[in-house]
Amino acid sequence: MRFLRLLGVFLRVGVMGEAAYPANFLAHLIDSALELGTALAGLALIFAHTATLGGWRPEELIALVGVYFLVGGVIGLVIQPGMEQLTESVRDGTLDFTLTKPADAQFLVSVWRVEIWKMVDVGLGLVVLGIALARLGERVGLAQAAAFVAALVAGGVIVYSFWLILATTAFWLVRVENVLVIFQSVYEAGRWPVSIYPGWLRFALTFLVPVAFAITVPAQAIAGRLTWPALLGAAGFAAALFAAARLFWRIGVRHYSGASS
Amino acid sequence: MKGLADLYLQQLKTGVASIVQYRATLVIWLIGNILEPLIYLVVWSTVARSTGGTVGGYGAGDFAAYYIVLMLVNQVTFTWVMYEFDYRIREGTFSADLLHPVHPIHADIAENLSSKAVSLPFIVVAAAGLAAIFHPAFKLSLLAAAAFVPALVLAFLVRFLVDWMVALAAFWTTRVTAINQIHYMAVLFFSGQIAPLTVLPRPLQVVANILPFRWTIGFPVELALGRLTPIQVLTGFAAQAAWLLAAALLLKLAWRVSVKRYSAVGA
């Protein structure tokens with residue numbers, strides 16, 4: 001409960017910080033809408049030539065694009081800004097102040113920066129998902145919806161843990177912000193179902209950079225193509241990775257000695 | 001002329017030194033430049049296989065060949081001046097460059113070439129790796145190989161001038177990301193990146209022939225793959241030459257107007 005209240009405070013601070021620049025909202029909306037338009041136009045081009053792509057029907061791939069924007073939006077909203085701030089604080093030593101605060105430090109560094117305009121991507125992603133769901137119609141039952149939410153949560157936890165592990169390496173390597181940028185450029189590969197990629201790339205996108213869990217698996221759940229064992233596997237992987245990230249974070253903090261003056 | 005040659009030589013040296021220093025930036029570009037063609041390669045070969053034949057005259061192996069060559073052509077011709085300009089104007093670092101006695105475009109061309117000299121070996125290795133994995137259907141012809149080099153040089157020049165002109169928008173507005181996004185979309189669709197042009201609907205193909213982008217990427221690729229008739233090759237060279245001339249003139253004009261408007265935003 002306390003965590004939720006703190007999260008609310010950080011979100012409110014984020015809104016207040018940006019509310020002074022309302023024109024930015026329009027600029028971000030235009031940018032994101034153009035990006036979404038590109039993605040959908042690409043799909044239209046492909047489905048002008050084929051009925052299914054690697055077994056995925058058009059409306060299922062639209063759902064996948066929706067998940068891509070939704071998850072990408074959440075990453076850009078809290079995860080990425082927070083983790084970038086973390087690597088910076090390790091470098092200049094300001095993490096000292098955070099560690100002395102009476103709340104869990106891992107939680108604080110995870111939500112302390114909010115890039116509020118990324119809400120636009122979250123919103124667009126939800127709209128696209130809604131459109132895809134409407135077109136899929138009654139094929140999506142209650143079980144699918146539940147599986148989708150579960151897969152989305154698991155995917156989110158996996159992506160978060162992955163970012164935290166990368167950012168925590170800053171305690172030893174100090175300069176890691178470029179590693180974070182690399183994740184961003186690989187994330188683009190998730191706009192397509194990973195099942196169409198050759199085995200080595202599929203493996204990399206599943207375990208080295210867990211784009212598959214974040215995007216393909218939830219989209220599979222909507223399409224009713226996710227088996228229960230696969231969902232359980234994703235949930236188990238999420239739990240394990242979260243525990244590993246937590247452990248690694250603690251080791252990192254113990255190693256931290258306040259880099260700057 | 002000799003002064004300009006010295007300038008290029010010096011800029012190339014500094015450029016190489018700086019890119020070797022900032023290796024991470026290099027890795028980030030490489031991933032982007034390899035991943036994007038790879039994604040479309042996989043998508044279109046999947047489409048070709050699922051239709052059991054060819055799409056727009058390309059089979060699965062042809063798509064592999066197309067995108068491997070595209071990766072190399074894109075490596076030679078791509079630019080990042082739009083993103084550089086945005087930063088330059090916002091932070092005001094352009095003020096010093098404007099005082100130089102030579103046009104700042106020369107420093108940009110030299111910087112572009114030096115980064116590419118460093119990254120080229122990696123792209124070649126990546127292309128060889130992809131060729132081993134995806135079994136591309138290459139059929140080399142002497143005519144194509146001979147014409148490919150001048151086509152590539154012209155493609156580089158046209159793309160550089162056009163991108164530099166688009167980048168000048170930063171003089172007029174501090175919000176260039178939307179303009180960059182539209183430019184990126186136009187390049188994606190009309191240059192042959194999202195798909196070979198014969199795969200596009202007919203009206204889009206007509207537009208692509210008029211715009212400069214096809215002549216900076218798609219044309220050299222199709223040329224190298226021996227997909228063009230001699231007439232089409234000649235038309236392509238004519239289009240490249242025309243766009244080079246037009247872009248140079250327009251740039252000269254746009255530059256004069258834009259510099260007058262220049263005011264640095266940063267300190």
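Chain B has twelve helices and zero strands, where helices are DSSP runs of H or I of at least four residues, strands are runs of E of at least two, and both are numbered from the N terminus. The structure is a predicted model, in which local features need pLDDT of at least 70 and side-chain atom pairs count only at pLDDT 80 or more, whereas totals for chains, interfaces and linings use all residues. Residues are numbered from 1 along each chain as its sequence is written, and chains are lettered from A and ligands numbered from 1 in the order in which they are written.

Along the principal axes, the C-alpha atoms of chain B fill a box of roughly 60 × 40 × 35 Å. Of the 267 residues in chain B, 38% are buried, a residue being buried if 20 or more other C-beta atoms, placed from the backbone, lie within 10 Å of its own, exposed if 12 or fewer do, and partly exposed in between.

One buried residue is B:Ala147, with 20 other C-beta atoms within 10 Å, and its place is in helix α7 (residues 142-167) of chain B. Leaving aside neighbours within four places in sequence, B:Ala147 is in contact with B:Leu223 and B:Val233, contact requiring that the C-beta atoms of two residues, placed from the backbone, lie within 7 Å.

Between the chains, 25 residues of chain B are in contact with 25 residues of chain A. On the side of chain B that touches chain A, α2 (23-50) and α8 (177-190) of chain B each supply at least two residues, and the largest share, twelve residues, comes from α2(B). The residues of this side divide into 18 nonpolar, six polar and one charged; Ala, Val, Leu, Ile, Met, Phe, Trp, Tyr, Cys and Pro count as nonpolar, Asp, Glu, Lys and Arg as charged, and the others, Gly among them, as polar.

Within chain A, helix α2 (residues 23-47) and helix α3 (residues 58-92) pack at an angle of about 160°, with their axes 11 Å apart. The residues that make the contact include A:Leu36 and A:Phe47 of α2(A) and A:Pro58 and A:Phe69 of α3(A), and the residues of this contact divide into ten nonpolar, no polar and no charged. Axes here are lines fitted to C-alpha atoms, for helices over the stretch in contact, and angles run from 0 to 180 degrees between N-to-C directions.
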